Amino acid sequence: MANFTVVNHPLIQHKLTIIRDKNTSTKAFREVTNEIGMLMAYEITRDLPLEDVVIETPLVETTQKQLAGKKLAIVPILRAGLGMVDGMVDLIPSARVGHIGLYREHDTLDIVEYFVKLPQDITERRIFVVDPMLATGGSAIAALDQLTNKYNCKPENITFVCLVAAPEGIKALQAAHPGVAIFTAALDDRLNENGYILPGLGDAGDRIFGTK
């Protein structure tokens, strides 16, 4: 699959098993989700450009590396995407955070948008759109539609980051936004008749916020 990467780092896979477990508490689920968010941030920023900078150590003047190029933005899809943000911001504290509020009607699976708030210079930033689950792809596609159509963000500047993806969601997102890179911690088997990922981890939003 083009523009699609499974991040199979052992620590990520270990922590993903913890949050898949139905017996994991809300507290532990929230903490581990943030930890995975931080580890994912480390992986998805591997290609950030560097530039030379001259500094002085306590001993000598030296030329070293620092980040160059575009500034970064993290855009969670509400509400479950919030569960990954703190861990990512801990690693990238200079990143701006925007929000796109979407939810999926459980009966019809239709996507409903209720809130969008983004940094004013969002088109000048490299954007990481985050949501723990990529199931049908509807929420991700709607969020990327906002960024590319309404705010004129370039697909090549956007990366979609999730913890668990279904093949159906990957296929739908790639068809709608082929220029957007996708990173996930796991590619699961399929969707069930209710649009949930199998084996999955349940409803990420409910498990993060303890609402079910």
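Helix H5 (residues 167–176) buries Gly169, Ile170, Leu173 and Gln174; buried means under 20% relative accessible area, exposed over 50%, and partly exposed in between (1.4 Å probe, protein chains only). These four lie on the same side of H5, because they cover an arc of only 125 degrees around the axis, taken from the directions from the helix axis to the C-beta atoms. This is a predicted model: local features need pLDDT of at least 70, side-chain atom pairs count only at pLDDT 80 or more, and totals for chains, interfaces and linings use all residues. Residues are numbered from 1 along each chain as its sequence is written, and side-chain values use heavy atoms, with hydrogens and water left out. Helices (H or I, at least four residues) and strands (E, at least two) are DSSP runs, numbered from the N terminus.

- Helix H4 (residues 138–150) packs on H5 at an angle of about 20 degrees, with the axes 9 Å apart. Axes are lines fitted to C-alpha atoms, for helices over the stretch in contact, and angles run from 0 to 180 degrees between N-to-C directions.
- That angle makes H4 roughly parallel to H5; under 35 degrees counts as roughly parallel, over 145 as roughly antiparallel, 65 to 115 as roughly perpendicular and the rest as oblique.
- H4 passes H5 in a right-handed crossing. A crossing is right-handed if the near helix is turned clockwise from the far one by less than a right angle, and left-handed if anticlockwise.
- Ala140, Ile141 and Leu144 of H4 meet Ala172, Leu173 and Ala176 of H5.
- By class, this contact of H4 with H5 has six nonpolar, no polar and no charged residues. Ala, Val, Leu, Ile, Met, Phe, Trp, Tyr, Cys and Pro count as nonpolar, Asp, Glu, Lys and Arg as charged, and the others, Gly among them, as polar.

- In H1 (residues 10–20), Ile12, Lys15, Leu16 and Ile19 are buried. They share one side of H1, because their arc around the axis is only 110 degrees.
- Pro10 and Thr17 are exposed on the other side of H1.
- Helix H2 (26–44), strand E10 (158–165), strand E11 (181–187) and helix H6 (204–209) pack against the buried residues of H1.
- H1 meets H2 at about 155 degrees, with their axes 10 Å apart. H1 is therefore roughly antiparallel to H2.
- The H1–H2 crossing is left-handed.
- H1 residues in the contact include Leu11, Ile12 and Leu16; among those of H2 are Phe29, Val32 and Ile36.
- By class, the contact of H1 with H2 has 10 nonpolar, one polar and three charged residues.

**Loops and backbone**

- The peptide bond from Leu78 to Arg79 is cis, with omega near 5 degrees. Arg79 sits in the loop between strand E4 (71–78) and helix H3 (82–91).
- Leu198 and Pro199 are also joined by a cis peptide bond, with omega about 0 degrees. Pro199 belongs to the loop between strand E13 (197–198) and H6.
- Asn152 is not a glycine, yet has a positive phi of about 60 degrees. Asn152 lies in the loop between H4 and E10 and, at 58% relative accessibility, counts as exposed.
- Thr57 is in the loop between strand E2 (50–56) and strand E3 (61–67). Thr57 counts as partly exposed, at 31% relative accessibility.

Notes:
Contact means heavy atoms within 4.5 Å.
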